[in-house]
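Have a look first, then read on.

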Amino acid sequence: MSRLSVVVSLSAACAACAAFASLAVEMAEPKDVPPLFPPGAWVPNAKNWHAGRRAEIKKILADEVYGHRPVERPPHLAFSEVSPEKTMMDGNAMRRLVKIEYGGKYGTNSFSVTAFVPKSQKRVPAFVFVCNRPAEECLDPERIVKSDFWPAERIVERGYAAIAFYMGDVTPDRPHGNTLGVFAAFSDVESHYRNRREWGALSAWAWGASRVLDWIETQPDIDAGHVAVIGHSRGGKIALVAAAWDERFAMACSNDSGCGGAKLNHVDLLGSEHFVNLCTTRPFWFDDGFVAWVNRDDRSPWDQHWLVAMIAPRLVCIGSATDDDWAGPYGEYLTARYASPAWRRIFGKKGFVSSGFPAPGAPQQEGEISYHLRSGKHDLTPYDWNVYMDFADRHGWRCARGQGKEEAGE
């Protein structure tokens with residue numbers, strides 16, 4: 001059992017142990033967290049947030065962490081169904097297998113999407129899943145191979161379109177992956193030279209999620225105004241970047257994403273992932289400037305609550321697990337807490353409503369930011385999926401089906 005799970009279980013077991021749990025949390029309190037709003041400066045409002053402070057944050061995170069994209073919606077973008085639409089899931093859903101082809105100055109490439117869309121008289125909301133495990137675990141179009149990691153049947157049963165793509169099809173998750181796939185279409189990869197602020201693989205995979213949303217906008221039975229992007233581990237990092245960069249995503253669900261995702265850097269959490277681990281094993285996830293911050297996590301002039309704040313006033317879900325010290329659950333909770341002023345002070349919303357670090361199985365979902373701690377290991381489980389869908393339900397997504405411009409009389 002991990003140190004965190006011991007603390008949580010002790011605090012839940014008896015009041016006498018609560019003081020011990022509080023002391024453990026206090027010892028890990030963050031220090032010198034970069035403020036979301038510069039000291040002494042005026043707080044932006046809903047009218048100037050996007051062009052003002054949010055734009056500043058985006059530039060800093062692009063400069064120092066994720067890199068700058070050479071393109072958003074590419075000059076060549078085409079969608080094609082690779083096989084006829086098929087009725088699935090006991091007649092409750094239509095399956096679509098789609099190829100998304102894109103191209104730029106240096107070439108053309110493509111990746112595949114598998115979508116299961118509930119049959120409905122109204123347009124349905126959707127979850128776009130960034131699959132970071134072997135493609136067959138998420139993309140089996142016949143649903144012969146099923147896993148709790150991608151419970152497409154349950155998602156459809158609850159009234160949501162279940163849409164997935166394999167991140168490795170956008171660009172491989174390996175060294176020199178940033179010379180292949182999407183990179184080869186928009187960059188001169190023949191030189192094998194990366195400029196300091198060029199996009200890394202996390203941003204490229206998030207770019208792929210936006211192209212899936214481009215396709216969704218062409219589907220008359222899917223409500224493009226209610227689409228969540230979701231991922232686990234590195235996929236959870238991708239989900240946050242996708243929603244931060246693309247404001248069309250109405251919700252981001254980041255599950256056990258850890259360092260570079262939802263974990264706050266300016267807090268000392270024993271056993272959690274740090275910049276040095278990322279730059280040793282996956283430097284190509286980031287721009288080349290990120291390595292300069294190795295062993296200086298707590299001195300970086302930004303932190304992950306900035307990334308989450310970029311999603312305001314939309315919805316954000318952050319999920320952790322008790323036996324996942326590597327992802328730093330308490331740091332993920334802190335990011336929700338420190339990002340909350342973007343919702344409260346700018347938009348007058350609730351943001352993150354919390355009375356403290358929760359016990360396992362007690363999701364905090366009253367505001368626009370959801371946080372939950374699940375008992376167990378580093379994984380994406382049916383419990384997590386239900387928490388994320390519950391949060392969407394809570395905000396009227398299922399009731400919002402079919403409320404498009406035409407039906408609303410706009």
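This is a predicted model: local features need pLDDT of at least 70, side-chain atom pairs count only at pLDDT 80 or more; totals for chains, interfaces and linings use all residues.

Residues are numbered from 1 along each chain as its sequence is written, and side-chain values use heavy atoms, with hydrogens and water left out.

**Cysteines**

There's one disulfide in the structure, a disulfide being a pair of cysteine sulfur atoms within 2.5 Å. Cys131 and Cys138 make it. The torsion about their S-S bond is about 70°, so this disulfide is right-handed. Both partners are buried, where buried means under 20% relative accessible area, exposed over 50%, and partly exposed in between, using a 1.4 Å probe and protein chains only.

Cys253, on the other hand, is in no disulfide. Its nearest cysteine sulfur belongs to Cys317, and that gap is too far for a bond. Cys253 counts as buried at 0% relative accessibility, and Cys317 is buried with a relative accessible area of 0%.

Here are the two sulfur pairs:

| Cysteine pair | Sulfur to sulfur distance |
|---|---|
| Cys131 and Cys138 | 2.2 Å |
| Cys253 and Cys317 | 4.0 Å |

**Around Ala126**

Ala126 sits in strand S5, residues 124–131 (helices, H or I of at least four residues, and strands, E of at least two, are DSSP runs numbered from the N terminus). Ala126 is buried, its relative accessible area being 0%. Which residues does Ala126 touch, not counting those up to four places away in sequence? They are Tyr160, Ala161, Ile163, Ile222, His226, Val227, Ala228 and Trp397, with contact meaning heavy atoms within 4.5 Å. Ala126 and Asp223 lie 97 residues apart in sequence, yet their C-alpha atoms are 7.3 Å apart.

**Nonpolar cores**

A nonpolar core here is a set of buried Ala, Val, Leu, Ile, Met, Phe, Trp, Tyr and Cys residues joined through side-chain atoms within 4.5 Å. The largest one has 93 residues, and Leu61 and Ile163 have the most contacts inside it. Helix H7 (residues 201–216) supplies the largest share of this core, eleven residues. Beyond its neighbours within four places in sequence, Leu61 is in contact with Tyr66, Gly67, Trp245, Trp302, Trp306, Leu307 and Met310.

A second, separate core holds 31 residues, including Cys138, Phe149, Ala152 and Trp397.
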